[in-house]
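Me: I have a protein model open on my screen and would like to walk through a few spots with you. Could you take my questions one at a time?

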Amino acid sequence: MTTKIKICGLATVDTLDAALGGGADFVGAVVFPKSPRHLALAAAADLFERARGRAKIVAVTVDPDDALLEEIARTLRPDFIQLHGAESPSRAETVRALTGAGVIKAMPIRHGDDFAAADEWDYHAEHLMFDAKPPEGSVLPGGVGHSFDWTLLADRAFRHPWFLAGGLNPDNVAEALRIAGAPMVDVSSGVESAPGVKDADRIAAFIQNARRS
């Protein structure tokens, strides 16, 4: 089965085109002002329209309220809403109702016990995303370049295809896929030259190495 790839936090035409040209399956727009990858919704809508029909468009959010979800739906019209905060599983139904989009739920992982919440979310989200738990005091819930022990995922099964995220880059993605057995991968900081600055060559290399694994 071919690995599905998501390139997240895209903000420029050249890097979005690098993701699309490489065959990325999902492309992500970050709608969270504290992130260095944040895009205003009007700018995100203009940029990501070029991806429509070529890759699934994902709006990445953190504890969005109803008003923001409605604005995202109206402006960006994403295929998926990625929830990266402390949302409850029941919130997924409201997200779908307000946006018409599917739900990706990011689950912060450091130890095996952190998978407990995934059991319930597995029934409410189209895809789970297992990301490294950020350091204490971080204002960002992800995209900080940290990884977790990939062997924690090696023998786990879930109802839907899931993403591996956290600390992935062109050099380690093949090994991560081999160890975790992930059907899908997500990358953000691992294809940047500086925080929030995507690198087209690193995007191309990441996709190529993930496909080869």
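Me: Happy to start with Glu 192: which residues does Glu 192 touch, not counting residues up to four places away in sequence?
Reply: A word first: this is a predicted model, where local features need pLDDT of at least 70, side-chain atom pairs count only at pLDDT 80 or more, and totals for chains, interfaces and linings use all residues. Residues are numbered from 1 along each chain as its sequence is written, and side-chain values use heavy atoms, leaving out hydrogens and water. Taking contact as heavy atoms within 4.5 Å, the partners of Glu 192 are Arg 37, Val 197, Lys 198, Asp 199 and Arg 202.

Me: Is Glu 192 buried or exposed?
Reply: Glu 192 sits in strand S9, residues 192-194. Buried means under 20% relative accessible area, exposed over 50%, and partly exposed in between (1.4 Å probe, protein chains only). Because its relative accessibility is 10%, Glu 192 counts as buried.

Me: And Asp 119, buried or exposed?
Reply: Asp 119 belongs to helix H5, residues 116-121; helices (H or I, at least four residues) and strands (E, at least two) are DSSP runs, numbered from the N terminus. With a relative accessible area of 54%, Asp 119 is exposed.
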